[in-house]
Amino acid sequence: MEYTTLGKTGQTVSRIGLGTEYLINTPRANVVSVVKTALDAGVNYIDLFFAQPELRENIGIAIQGGRDKIMIAGHLGAAEKKGQYWRTRNLKISETYIHDLLNKLKIDYIDVLFLHNCDKENDFIKVMGDFFNLAKRFVHEGKARFLGFSNHAVPLAHKAIAHDEIDILLFPVNMAGASADAQGLFRACAARNTGLIAMKAFGGGKLLKKETAGVVISLIQCLNFALSQPGVHCVVPGPKNVSEFSEILRYFKTSPHEKDYARVLQELKTGVQGECVYCNHCLPCPAAIDIGATIRAIETRTGSIADAASCTACGACVERCPFGVDVIAIMKSGQR
Ligand code: SF4
Ligand code: SF4
């Protein structure tokens, strides 16, 4: 494992951390073996945004005896409804779910408390008001050590990291989202010494599918892209099982040739033109649409497409999209 200093937190963090999203609804034995494999490999950063009780309990079991060696990140505003992920801005509910996290993990504090998944201007005002105050209270009470902000929209991420109390940014870093705007954000994090944790290194898995743009991209290239961006301290891939995590850990043993992503990046830029990769680099939307999620719902016929009806065809997203996606036409197709 390789380590670095996580920005102004001063903490030593492993370059590869563990995302836990794809451990949801897998057996306890699987969760425990993935987490233990990670810890044995020297991983010391675990992100746990999902509030599903079984997952929290299983991770609690897996970290027993090793809590002091790892940083655990939780998310204020991530809750659960009928087994599904639920983002909420209800203060009481959000607070309850952080206490639930502490209880289920059998720990006294979490290391990072993220203001969770804020991509819209009106939401930003709410989040940086009452929510921020609640998060600061957790720090004051010794139940969280550092504060973070998680989102997908470059302009709001800039605004968030301008707050001195925001120690860490959790942001998608992948080849699909490679743009001058994203690079500017990463450089701003580096300049402010803000910790930068890279999520969605595989573009939600889409980058690893050959048919995405007729370009074959490897997991190792995705990891190297994320870890090579300025300011990125740690990447948090989310494996489903030990076999997937072993492939991720192979990163440290691969040759520079296998890690080299420059050629596929160029091919991807050409091949993916016009195709949405759900990266949300087109946000914020004045109509408060989660554009990536809505397009994904329209294209895959899963999830809610109700927001498509709110599109005013203003074109702001089209100007920002690095892939020339005709968002307005896709939103219209979702209104039928
Ligand atoms: S429209 Fe473009 S910027 Fe927006 S989510 Fe799709 S690919 Fe990303
Ligand atoms: S065109 Fe539609 S989806 Fe795009 S920013 Fe405007 S309102 Fe939002």
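A residue is taken to be near a molecule if one of its heavy atoms lies within 4 Å of that molecule. In this predicted model, 13 residues surround ligand 1, and the closest are Cys276, Cys279, Asn280, Cys282 and Cys321. By class, the shell around ligand 1 is made up of 10 nonpolar and three polar residues, with no charged residue among them. Around ligand 2 stand Cys285, Pro286, Ala287, Ile291, Cys311, Thr312, Ala313, Cys314, Gly315, Cys317 and Ile328. The shell of ligand 2 divides into nine nonpolar and two polar residues, and again charged residues are absent.

Helix α11 comprises residues 291–300 and includes Thr294. The relative accessibility of Thr294 is 3%, and this residue therefore counts as buried, the limit for that class being under 20%. When neighbours within four places in sequence are left aside, Thr294 is in contact with Ile289, Ile305, Asp307, Ala308 and Met331.

The model also contains an open sheet of eight strands, arranged in the order β3-β4-β5-β8-β9-β10-β11-β12 with parallel pairing. Its edges are formed by β3 (18–19) and β12 (234–235), each of which pairs on one side only. Helix α3 (residues 91–105) packs on this sheet, where it touches β5 (71–76) and β8 (110–115). The direction of helix α3 makes an angle of about 155 degrees with that of β5. In general, the strands of a sheet pair through backbone hydrogen bonds, in either a parallel or an antiparallel sense. Within the present sheet, strand β9 (residues 144–150) and strand β10 (residues 166–172) pair in the parallel sense over four bridges. Ser150 stands opposite Leu170 of β10.

Buried residues of α5 are Val154, Leu156, Ala157, Ala160 and Ile161. These residues lie on the same side of α5, because the arc that they cover around the axis is only 160 degrees. The partners against which the buried residues of α5 pack are α4 (121–140), β9, β10 and α6 (180–192).

Notes:
Residues numbered from 1 in each chain as written. Chains lettered and ligands numbered in written order. Predicted model: local features only at pLDDT ≥ 70, side-chain atom pairs only at ≥ 80, totals over all residues. Heavy atoms only, no water. Nonpolar A, V, L, I, M, F, W, Y, C, P; charged D, E, K, R; others polar. Helix = DSSP H or I, 4+ residues; strand = E, 2+ residues; numbered from the N terminus. Buried < 20%, exposed > 50% of the residue type's maximum accessible area, 1.4 Å probe, protein only. Contact = heavy atoms within 4.5 Å. Pairing = 2+ DSSP bridges. Axes fitted to C-alpha atoms, helices over the stretch in contact; angles between N-to-C directions. Arc of directions from axis to C-beta.
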